Amino acid sequence: MMEILAYAAFFLTVALTYAIMCLGLNVQWGQTGLFNVGIAGFVGLGAYVSAALTTPDAADRIGGFDLPIVVGWLAAMAAGGLLALAVGLLTLRMRSDYLAITTFGIAVALQLVFQNAEILTGGAFGMAFIPRPFAGLQGQAFAFNIVNLALTGLVVAALYLLLEHLLRSPWGRALRAVREDEVAAQALGKNPVLLRIQAFALGGAIMALAGAVQAHFIGFIAPGNYLPMMTFQVWAMLIVGGSGNNRGALLGAVLVWAIWALSGALISEVFPADQQARAASLQIVTIGVMLCVILLWRPQGILPEVRSVSRHLGRRNKDQ
Amino acid sequence: MNPQAFIDGLISGSTIGLGAIGLTLTYSILRFANFTHGDFLAWGAYLTLTVAGVLGGLAAGLGAPLYPFSFGWGLPLAVMGGVILTVALALGLDRILFGRLRARGADAIIIVMASFGASMALRSLLEFIFTAKPAYFTKALQIAKPLGLGMRATPDQLLVIGLTGALVLALHLFVTRSDTGRAMRAVSENPNLASVFGVDVDKIVRVTWIIGAGMACLAGVMAGLLVQIRPYMGFDLLLPLFAAAILGGIGSIPGAMLGGLIIGLAEAFTVQIIGAEWRAAISFIILVLVLMLRPQGLFGQRGA
């Protein structure tokens with residue numbers, strides 16, 4: 001029984017790290033309409049930056065400053081935000097799919113850095129001995145997983161409240177105005193490019209934080225964690241849950257991660273060992289088809305965006 | 001500096017250029033960045049391989065190598081089948097996915113996202129059907145013949161370069177001289193206005209997919225012939241394809257070809273000077289430079 005609970009806590013903690021990514025993507029896509037195909041790159045950047053700062057000194061690579069975990073988290077957010085800022089400055093003046101292509105390129109380029117810049121990243125073997133929060137409890141799986149779940153839940157809750165507040169602030173409304181009708185927003189004196197760049201940078205910082213939180217929970221990172229597959233999963237989570245709705249982002253993350261983990265477990269039960277890699281590719285096919293089906297038939301996702309978000313208006317046009 | 005890098009770059013640049021032609025056409029006429037295009041290359045290669053297998057089973061003589069190339073009559077025949085099947089795949093995908101989203105008036109970026117989802121599904125489906133193990137069109141080994149100035153190339157490679165040149169010329173003439181080509185340019189300028197003037201927009205969309213998917217299949221076969229066939233080959237080529245299309249200027253066929261050659265050469269020199277593991281980074285660097293210095297590309301029009 002305790003084992004199952006320990007596993008459930010572990011599962012939920014990982015799902016919640018994906019939920020953080022989803023919240024970041026929701027700022028970029030849901031609120032602002034920016035298409036980021038390089039989520040894995042931003043998440044990986046956060047994980048590597050935080051790991052480099054907080055791991056103990058290692059002989060064969062630069063880094064290992066043994067700093068507190070919180071410093072790593074903050075540095076990861078700064079790195080993700082700066083990278084997103086640079087990408088935004090480069091592409092957000094142009095048509096929307098240039099951003100998609102550039103972020104795709106960022107993820108490919110960062111993946112190469114993770115793989116090949118051994119002196120910084122440990123190369124294909126990745127980085128181990130990343131300090132885990134509450135490491136003193138590591139001996140007791142249940143207690144360790146529960147306190148980590150609480151910590152990650154706290155991060156998610158704080159982010160959720162912050163983002164909900166931002167969403168209802170004048171800044172959040174201006175963002176949606178830009179998304180819905182750029183010319184009208186401009187006529188009202190809003191600067192669409194500046195707003196987009198701000199939203200993209202905020203989203204990038206949140207994704208990098210997700211990478212750092214995940215890396216510290218697992219304690220080990222390798223380039224293979226940050227493949228395009230991850231980008232794709234996070235997109236599926238947000239689209240399934242409901243883009244534009246932060247609760248939808250959280251729901252989608254837990255739901256899609258559950259589908260993923262259960263179908264993975266099913267595959268390892270049903271298929272013989274030599275066919276498992278092959279069967280696992282069917283998982284990806286399923287998620288890809290699911291994404292397309294939702295885009296075709298229920299583009300708003302399970303929890304649609306709530307249309308009116310100004311406190312002063314209430315929710316009068318809720319049923320629109 | 002090894003002059004061989006020049007030939008290597010020209011060869012891989014030819015396949016990138018051919019692939020980028022389809023991408024640049026769908027981008028300018030259907031107005032979205034198609035992330036499934038790389039997978040059309042991979043599907044083209046696998047479909048051709050499958051047709052070749054079927055043909056080889058029917059008539060054994062088709063596999064005997066045609067001197068001086070490494071493949072027999074079976075491959076050109078199989079390529080025709082592969083092109084038809086790849087075109088059918090692209091048209092089918094347009095019918096069930098992209099066309100529906102277009103008809104609903106969905107934002108371009110929603111269609112880009114759908115193409116991203118479809119690309120993941122298509123690639124993993126290849127992996128499921130054919131497994132991740134690399135496949136080859138031919139097991140025959142070829143000796144590279146000296147060309148002078150310290151450069152060598154195999155007959156297969158020279159054929160790829162020659163064929164690419166002929167195809168690009170033919171396509172360029174088709175788009176600039178024929179009525180269909182003029183209609184394609186009209187739709188890319190303004191679809192509504194073109195349809196008011198009696199252009200059959202649906203037909204132009206079909207022609208665009210036919211050319212794009214056909215070229216993608218050829219590029220995939222060439223890449224498979226020169227290196228190997230893997231489910232991820234199209235994904236690995238996607239960034240070079242986008243970089244080539246944007247470098248050449250969206251909508252320009254000669255631009256896409258020239259962009260492909262530049263990317264191919266830059267990759268080959270990167271491999272020589274820095275190391276093969278950084279090869280894929282050069283497309284990204286070129287892409288960023290183009291976006292910073294000349295976002296409309298070499299032959300593109302402003303306001304793209």
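Modeller: Let's look at helix H9 of chain B and its two partners, then at where it takes part in the contact between the chains. Keep in mind that this is a predicted model.

H9(B) runs over residues 233-248, and one partner is helix H11 of chain B, residues 281-293. The two pack at an angle of about 25°, with their axes 9 Å apart. An angle under 35 degrees counts as roughly parallel, so that's what we call H9(B) and H11(B). As for the crossing, H9(B) passes H11(B) in a left-handed way. Who does the touching? On the H9(B) side you'll find B:Leu239, B:Pro240, B:Phe242, B:Ala243, B:Ile246 and B:Leu247, while H11(B) brings B:Ser283, B:Phe284, B:Ile286, B:Leu287 and B:Val290. Sort those by class and you get ten nonpolar residues, one polar and no charged ones.

Now for the other partner. Helix H10 of chain B covers residues 253-273, and here the angle with H9(B) is about 125°, with the axes 7 Å apart. H9(B) and H10(B) are therefore oblique to each other. Their crossing is right-handed. From H9(B), the residues involved are B:Pro240, B:Ala243, B:Ala244, B:Ala245, B:Leu247 and B:Gly248. Across from them in H10(B) are B:Gly255, B:Ala256, B:Leu258, B:Gly259, B:Gly260, B:Ile262 and B:Ile263. This contact splits into nine nonpolar and four polar residues, with no charged ones.

Let's zoom out to where the chains meet. In all, 34 residues of chain B are in contact with 31 residues of chain A. H9 and H11 of chain B each supply at least two residues to that side of chain B, and so do helix H3 (74-103) and helix H4 (108-130). The biggest giver is H4(B), with 15 residues. By class, the side of chain B that touches chain A has 28 nonpolar, three polar and three charged residues.

Terms used. Residues are numbered from 1 along each chain as its sequence is written. Chains are lettered from A and ligands numbered from 1 in the order in which they are written. This is a predicted model: local features need pLDDT of at least 70, side-chain atom pairs count only at pLDDT 80 or more; totals for chains, interfaces and linings use all residues. Axes are lines fitted to C-alpha atoms, for helices over the stretch in contact, and angles run from 0 to 180 degrees between N-to-C directions. Helices (H or I, at least four residues) and strands (E, at least two) are DSSP runs, numbered from the N terminus. Angles under 35 degrees count as roughly parallel, over 145 as roughly antiparallel, 65 to 115 as roughly perpendicular and the rest as oblique. A crossing is left-handed if the near helix is turned anticlockwise from the far one by less than a right angle, and right-handed if clockwise. Two residues are in contact if their C-beta atoms, placed from the backbone, lie within 7 Å. Ala, Val, Leu, Ile, Met, Phe, Trp, Tyr, Cys and Pro count as nonpolar, Asp, Glu, Lys and Arg as charged, and the others, Gly among them, as polar.
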